[in-house]
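Me: I am new to this structure and would like to learn how to read it. Could we begin with the overall fold and then turn to individual residues?

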Amino acid sequence: MNNFDKYAELLLKKCLGMKKGQPLVITSPIECIDFVRILAKQAYEMGVHDIYFDFTDSYLKSYQLLNFEDNEFENSLFFNKKIYDEYAKKDGAFLMLSAEESDVYKDVDSDKLAKANYISRTSRPIYKEKQGKYEVAWCIAMVSTEISSKKVFPNDEKSKERLWNEIFKACLVLEDNPLDAWDKKKENNKKNVNKLNSLNLKKLHYTNSLGTDFSVELGKGAIWCGADEEMPDGTPLIVNMPTEEIFTSPLRDSTEGIVYASKPLIYNGTLIDKFWLKFENGKVVDYDSEVGKDVLKTLIEFDEGSSYLGEVALVEYDSPISNSNILFYNTLYDENAACHLALGIGFPSCYENGVNMSKEELLEVGVNQSNEHTDFMIGTSDLRIVGTTFDNEEVIIFENGNFAWN
């Protein structure tokens, strides 16, 4: 079995837990048709016969963005994703293959990008709700394309091959048995999850040399989660491949202070870099960015909840992706190289009994609600995080960018 076959098996069996007869949606850049064929062949052999192929092309999408009027986006399959709801109703699985292409949309008006993104996120409400509660299997995984690989390795004639190799390395595909390797990795991840949950944390205070100095509070029912997500029927999932993070959802109105991004962010295919956010009573009240400030504005103003945090995630600076010293220009990978935060919706699974709560009930207990969820990286080699427990005891969580107890 070659590395592409092993990667496909990992995504279908370990990440999605595919079952015979289960429907499947595969979203992929059109350049990755060869790998999609490998996925489809394996899926069919597993007894998965209902597969919807959702191919994307950044250039065609950008042509539409440049030429369409706002009222035309709803009729474009690039943006209107209501087909996802049909597959969510059938308990289908969703595999999203990702390859960021940050320069393609540089000439597109940020308001148009925001409009298209809004339609994409709001046209599939059933899927989004089931996704948040892990009632459908889903996974995001990176692929290598000519454009995205040249962004990562601009001076390498074999950039596409090199990026594929880095993907295989990060996803443990180069191990003799990737499925077993991920079982072991999940066990190590779970130790830190259990440690954090045992601390009964009420507050986290972050500081580093970039200027980050902010605090965020957790609710009584907050739960730290990691790589070992599972569906209500017990099916294990890995929703991000790869994953290094441990995360929870903070109290919506609790964030105070200023935070500086430590890595660039790609949002709607556009670069945002060297930016900071200032929070008061949980909300972004001021911000700036050297690159992409207008796009950062559309993110913060996407809807009522997009200016509040929905996630705080801990990732050790001394982690495999971080140690590669590669900037992937892909949030999936770059967020797994650094502690990060997310503006937008929080996770029902990160609150006690949250999966059985309505959106209104979640908001009432402090879990942010939004149609947006965008991660941005804040971790550095000197990041310090001091926690305060509900018993008002201080405990050092992170020291010099890593878990203090490791």
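Reply: The chain contains 13 helices and 20 strands. Its radius of gyration is 20 Å, close to the 22 Å that the globule rule gives for 406 residues, so the chain is as compact as a globular protein of that length. Please keep in mind that this is a predicted model.

Me: What are the dimensions of the box that the C-alpha atoms fill?

Reply: Taken along the principal axes, the box is roughly 55 × 50 × 45 Å.

Me: What share of the contacts with a separation of 6 or more comes from residues 24 or more positions apart?

Reply: Such residues account for 74% of those contacts.

Me: Where does Asn2 lie, and what does its side chain reach?

Reply: Asn2 belongs to the segment before α1. Its side chain reaches the backbone nitrogen of Asp5 at 2.7 Å. With a relative accessibility of 42%, Asn2 counts as partly exposed, because that class lies between the limits of 20% and 50%.

Me: Is Lys14 buried or exposed?

Reply: The relative accessible area decides the class, and a residue under 20% is buried. Lys14 has a value of 17%, and therefore it is buried. This residue is placed in helix α1, which covers residues 3-15.

Me: Which residues surround Lys14, leaving aside its neighbours within four places in sequence?

Reply: Lys14 is in contact with Glu9, Leu179, Trp182, Asp183, Pro236, Leu237 and Ile238. With Asp183 there is also a polar contact of 2.8 Å between the side chains.

Me: How many aromatic pairs are there, and which residues form one aromatic cluster?

Reply: Aromatic rings pair when their centres lie within 6.5 Å, and the count here is 24 aromatic pairs. Phe4, Tyr7, Phe35, Trp164 and Phe168 form one aromatic cluster.

Me: Which lysines lie over rings?

Reply: Two cases may be examined. Lys90 lies over the face of Tyr87, 4.0 Å from the ring centre. The charged end of Lys185 is placed over the ring of Trp182, at 5.8 Å from its centre. Trp182 is also one of the residues in contact with Lys14.

Terms used. Residues are numbered from 1 along each chain as its sequence is written. This is a predicted model: local features need pLDDT of at least 70, side-chain atom pairs count only at pLDDT 80 or more; totals for chains, interfaces and linings use all residues. Side-chain values use heavy atoms; hydrogens and water are left out. Rings of Phe, Tyr and Trp (its six-membered ring) pair if their centres lie within 6.5 Å; planes under 30 degrees apart count as stacked, over 60 as edge-to-face and the rest as tilted. A charge sits over a ring if NZ of Lys or CZ of Arg is within 6 Å of the ring centre and within 35 degrees of the ring normal. Helices (H or I, at least four residues) and strands (E, at least two) are DSSP runs, numbered from the N terminus. Buried means under 20% relative accessible area, exposed over 50%, partly exposed in between (1.4 Å probe, protein chains only). A polar contact is a pair of N or O atoms within 3.5 Å; within protein, one must be able to donate a hydrogen and the other to accept it, and residues adjacent in sequence count only if both atoms are side-chain atoms. Contact means heavy atoms within 4.5 Å. The radius of gyration is taken over C-alpha atoms; the globule rule is 2.2 Å times the number of residues to the power 0.38.
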